[in-house]
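Hi there,

Here is the structure I promised to pass on. Have a look at it first, and then read my notes below.

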Amino acid sequence: LHPPSSQILEYWQIFTVNIDPVTKVLHVPSFGSHIMEAKLNLQALDVGLEALMFAVYFAAVTSLTPSECQMRFGEGKETLLARYKVAVEKALGKSNLLTSQNIMTLQALTLYLSCLRVTDTSRMTYTLTGLAIRLARSMDLHLDDPRLNLSPFENEMRKRLWWTICSLECRSAEEYGFHPSLGGQTFDCSLPLNVNDEDLDPDSTEPPESRPGCTSMTWALVRFELAKIIFRVWNLSSKQDKDKSLNPRDLELEKERILDDGQRHLETQYLKYCRSSRPFDWMTATFTRLMITKLRLILHHPFNPDAVHPLPKELREKCFHTSIEILEQSSLLRNEPRIKRWIWIFLNHHQWQALSYILSELCHRTGSELVDRAWRIVDETVANWDDRYDRVRQSVMWEPMNRLLIKARQVREHDLISRQ
């Protein structure tokens, strides 16, 4: 199931450009050496390394368009995805995934899940992320424990892997309307350093100094920081669920403080170094601010497409504006040609919370510029689903969202007719 030896380096090159900057599960210089050695003797690969190589192929194909796959490899994208999906799963089975203590095996699973969600709308990603969390805990990845006697390089790679799994858990839980399972659990694994891969030496006995400004880890660190914020907010929600005597307003103010502090930290630690003239920096800053905006919406309007949340008029207006901005920013990320090579990460990133709030408001709002603006972005969002309709329709969110959409469109049609 491996590609021809002559193509392995091409898959790796695609991976380093399209995948690695937004995943950072691997250390490119050292794994590149593994790739160079492995392609000379594919029959004698360690099971963990083989699983990771198949995950690299799968990820590379995920990031390409169908025409790019055909041009580069002479085969269709769906054919290649199906082949390497089978290959990754076979290799993970061969490596005894459920009992494995092999870091490469867990890296392979994590990388596979990071890309699988782009093409798979079933609960498979969510379910297997729970498995990844438990495997990581069994390897003590969640601990900063000097007794583990790790080298600085091993320590950094374990931190990258643990926080990638945490970020994946936040994303997959959100996709299905659940709270992150890690939100109420304890772990003391600190964030990785803000360094370039070239700063990390597998043989070094001393860790490198964390760099100010943008590095190859900045995108990943921003995602990890956002996961920390999400966990802190959900911990307060869990506390409120368990103790009904707590003042809801006090907890809401505490959540707002967490978001305010988190936003200030992200701006001063990372975003102030991002230059909009550099595509990757622009993407990082736009995505981060989008996520903070979305978290504020979730704070005031917990997601449930079928629920009715009575809000004060001023807050309803704020949430309506916020939801429109979220969909508009998401559209910017999906359609910006400068970040074409990384757009794959946004393709299956549906803003269900924002869309559900807009549609619930459009069921009774009519006749204003803001309503027209809302409908423009709703129509664009739904039209974007047309190419991916089968996958969107398979999502557990589709049925309640479609009911809202049908109801809102009926109101819109009556409004447009009455204006004629």
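Let me start with a question: is Trp398 buried or exposed? Trp398 is buried, because its relative accessible area is 10% (buried means under 20% relative accessible area, exposed over 50%, and partly exposed in between, with a 1.4 Å probe and protein chains only). Trp398 belongs to helix H16, residues 398–419 (helices, H or I with at least four residues, and strands, E with at least two, are DSSP runs numbered from the N terminus). From Trp398 to Trp352 the C-alpha distance is 9.2 Å, although 46 residues separate them in sequence.

Some background before you go on. This is a predicted model, where local features need pLDDT of at least 70 and side-chain atom pairs count only at pLDDT 80 or more, while totals for chains, interfaces and linings use all residues. Residues are numbered from 1 along each chain as its sequence is written, and side-chain values use heavy atoms, with hydrogens and water left out.

Aromatic rings

Searching the whole structure gives 14 aromatic pairs (rings of Phe, Tyr and Trp, the last by its six-membered ring, pair if their centres lie within 6.5 Å; planes under 30 degrees apart count as stacked, over 60 as edge-to-face and the rest as tilted). One of them joins Trp219 and Phe346, which are edge-to-face because their planes stand at 75°, with the centres 6.5 Å apart. Trp219 is in helix H9 (residues 218–242) and Phe346 in the loop between helix H12 (313–335) and helix H13 (352–362), so this pair ties together parts 127 residues apart in sequence.

Elsewhere, ring pairs link Tyr11, Phe54, Tyr57, Phe73 and Tyr84 into a cluster. Charges sit over rings as well: the charged end of Arg365 is over Phe320, 4.1 Å from the ring centre, and Arg341 lies over the face of Trp342 at 5.6 Å (NZ of Lys or CZ of Arg must be within 6 Å of the ring centre and within 35 degrees of the ring normal).

Helix packing

Helix H3 (residues 47–63) and helix H6 (residues 103–119) have axes that come within 8 Å and cross at roughly 20° (axes are lines fitted to C-alpha atoms, for helices over the stretch in contact, and angles run from 0 to 180 degrees between N-to-C directions). That makes H3 roughly parallel to H6 (under 35 degrees is roughly parallel, over 145 roughly antiparallel, 65 to 115 roughly perpendicular and the rest oblique).

Helix H10 (residues 248–269) packs with H11 at about 180°, the axes being 11 Å apart, so H10 is roughly antiparallel to H11.

Two loop residues

Lys24 has a positive phi, near 55°, and is in the loop between helix H1 (5–23) and helix H2 (28–38). Asn149 also has phi near 55°, in the loop between helix H7 (124–138) and helix H8 (152–175). Lys24 is buried at 1% relative accessible area, whereas Asn149 counts as exposed at 68%.

Best wishes
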